[in-house]
Amino acid sequence: MRIIYIILLIFIFPLSVFAQNASLKGRVVDAVSNEPLPFVNVIVSGTTIGTITDMDGNFVLTGLTPGFVRVETSFVGYRRAVSSEVEVSAARVNSVEIQMEEQKEEIEEVTVTASPFRKTEESPVSLRSIGIGEIEKSPGANRDISKVIQSFPGVQSTPAYRNDVIIRGGGPSESRFYLDGVEVPFINHFATQGASGGPVGIINADFLREVNYYSGAFPANRGNALSGVLEFNQVDGNSDKLKFQGTLGASEVAATIDGPIGEKTTFIFSARRSYLQFLFSVLELPFLPNFTDFQFKVRSRIDKKNELTFVGLGAVDVFDLNLGIEEPDEQQSFILSSIPVNEQWNYTLGAVYKHFRDNSFQTVVLSRSHLNNGAYKYFDNDDSSEENKILDYSSEEIENKLRLESSSRFDGYRLNFGANLDLVTYTNSTQQQRFYGDGILNINYNTSLNLVKWGLFAQASKSVFNEKLSLSLGVRADANNYSPSMNNLFDQLSPRFSASYSLTPRWSLNFNTGRYYQLPPYTTLGFQQNDVLVNKENNLKYIMADHLIGGLEFRPRQTVLFTVEGFWKGYKDYPFSVKDQISLANKGADYGVVGDEEVLSQSEGRAYGAEFQARVNAASGFNFNLSYTLVRSEFLNASNEYIPTGWDSKHLLNLTSTTELKKDWRIGGRWRFVGGLPYTPYDLERSSLVEAWNLSGSPYFDFTRLNSERFSAFHQLDLRVDKTYYLNKITMKFYIDIQNLYNFQAEQQDIIVRDTDENGNFIFTDNGSRYQLRRVTNTSGTVLPTIGIILEF
């Protein structure tokens, strides 16, 4: 307690020291050839501090006020550019690299200004760029990028405190993630296999420089996505000296070290370890999660024309049950009865090689990802006999990926083309009995599936009419050797087209349309019954989604952006559960596994709506983000009627704002509103059967009434206060983050428990064939304060 008291004193009462001046060094290069650009004008956004680059494109800025800054560059024959956000301090000399794009045409009577808000010819709509300042200081997010993006248009949040990436009414399995160009299948601890979610992110915010979030208009080199693509761009290690950073966060302690390895190579490495298992045990919570993760990046600039980058990300997760609770209450009993013990680990290792030429550069990406997921469950957690085991699950997903790309520039055109080849191994050993309406189904199989996937892609872009109109046309095709229904590239031909027209220097119209394909999860591809890959026999296909997006954009200032977008997505060939008679589009936001069942490629659906966003990202440290999304998500049922999916929230409203105060204080708040989500009632008739309950330890849903009920709306206020001390040798950061400040209680589905008599024995009915069940009202929500400490030296 004394240590905590001292920390609070430090946080509340400022030290009697003065912030030291900071420095920033950087390099400006041609975006295609990587040639250094000399005599480029460089200025710190919002200030008069500036300089010019030397003959090698290098610059140094001194006398800076510590904090987050952006750098603007201008040069004859090139478009103006703004760097990603970078933090400067006296404790270290940070660095930044800025890529400038050549501008062939002279723009008459137009003053072109650079902006921190990204917009590309390939993706003029549905692309948002998130700077490190927004990630570090986002209220309620605790430096977790999966929670930060929930403040942006189209991204749904839930009161269940999970990191499911649900975008524009699409399911949580419909997004893809890239770390410095390397695809990363899993970005959350305790991930749901076959989907994207989990309660805590794996990616360490210390590594992030900028995040590009696509909710549509995906570039052709980003495949296998239906609803979202997230590109995480990482910082480089310090090129001057070794640096250390220690962090005590909401659920973990972390250490990050970075520095040079010789003159041309830098590295950055971090490791994190949670203390949740100890904390949850003290609080007598029914589950005991524990995680460890690592992350690294090594970048070597071999010479002006060649560079090589290695990245890595991995996690080890253990999810135990707290069976030491002497007298568990009803909620604790429900959780202990239904949740299995889970052990999971995963990693991704990748290498990115770039070779630069005069008007082009080539990229080779080689990576390996491996997931090992195991779970087991004993009925009533009685492991005295193997006959009590109701679940024994073990699975691996191994992906070896090769991607070749060429990006070039000629005569005003930008061209990107390439190919990818993936070698996949999927194994699964499952022993389980499942109870359906027609009785017990024995699930007992061992799968070892080897898969070869390949794809081709190309995209060409050009600006015309004095660069007022930009056009981009792309196409990709994917196939694999799983079955004849998937091995023809032309069956998965995926065209896309984008256009943007500048009505004035401040107003523009933007448009995109495209067709996108995604492979069903490996859990579905490898599912067996009677030693047969039933979904292969069922002629399983790629999932298809057609997108149509249009928008209007207004930039009254360099740092102010207003956008309005309308979108429509049409789904086809979505996997349809044979036993549950529902689309898998409704599944994925729960722990465990999704897709390990017999399906048919016959489900159709749609998601449509409109988005509004207002963003301010001022150099003074004021950030404002207001987003509203009106969204509907519907799929056809067996009667060919559209019914809402589990993601049909209708209304998503987020208001996030942070501002810099004097003496390096910062305060911020986030208020979010999510319309009530649909849910499926329980089938208590089936659930009460002893033979049914004993196979799951939990109630069953009545899918004949799929999403026929709807929860009340959910809303929450988060508040965060930061204090930073920029000293000569060390930077110290302290923050208090309070989630759910006014303690809103979100409505949840009732808990169903087996009723007991006064002696604690279960009550049976119908001659002992049924349990007597009882409903318990269930809500979620609590005031959750967190103190964070970050030391950098």
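**Rings, a serine and a sheet**

I looked first for charges over rings (NZ of Lys or CZ of Arg within 6 Å of the ring centre and within 35 degrees of the ring normal), and found Lys462 over the face of Tyr413, at 4.6 Å from the ring centre. Arg754 lies over the face of Phe762 in turn, at 4.0 Å from the ring centre.

I kept in mind that this is a predicted model, in which local features need pLDDT of at least 70 and side-chain atom pairs count only at pLDDT 80 or more, while totals for chains, interfaces and linings use all residues. Residues are numbered from 1 along each chain as its sequence is written, and side-chain values use heavy atoms, leaving out hydrogens and water.

My search of the whole structure for aromatic pairs gave 25, taking rings of Phe, Tyr and Trp (its six-membered ring) as paired if their centres lie within 6.5 Å. Trp507, Phe554 and Phe562 are joined by such pairs into a cluster.

I then turned to Ser175, which is in strand S13 (residues 175-179), strands being DSSP runs of E with at least two residues. Ser175 is buried (under 20% relative accessible area), at 2%. Beyond neighbours within four places in sequence, Ser175 contacts (heavy atoms within 4.5 Å) Val165, Ile167, Ser227 and Gly228.

Last, I traced an open sheet of 3 strands in the order S4-S1-S9, with mixed pairing, where strands pair if DSSP finds at least two bridges between them. Strands S4 (58-64) and S9 (94-100) are the edges, each pairing on one side only. Strand S1 (residues 22-30) runs antiparallel to S4 and is joined to S4 by 5 bridges; Ala22 stands opposite Leu64 in S4.

How values were computed
Phe/Tyr/Trp six-rings, centres within 6.5 Å; stacked < 30°, edge-to-face > 60°. Helix = DSSP H or I, 4+ residues; strand = E, 2+ residues; numbered from the N terminus. Buried < 20%, exposed > 50% of the residue type's maximum accessible area, 1.4 Å probe, protein only.
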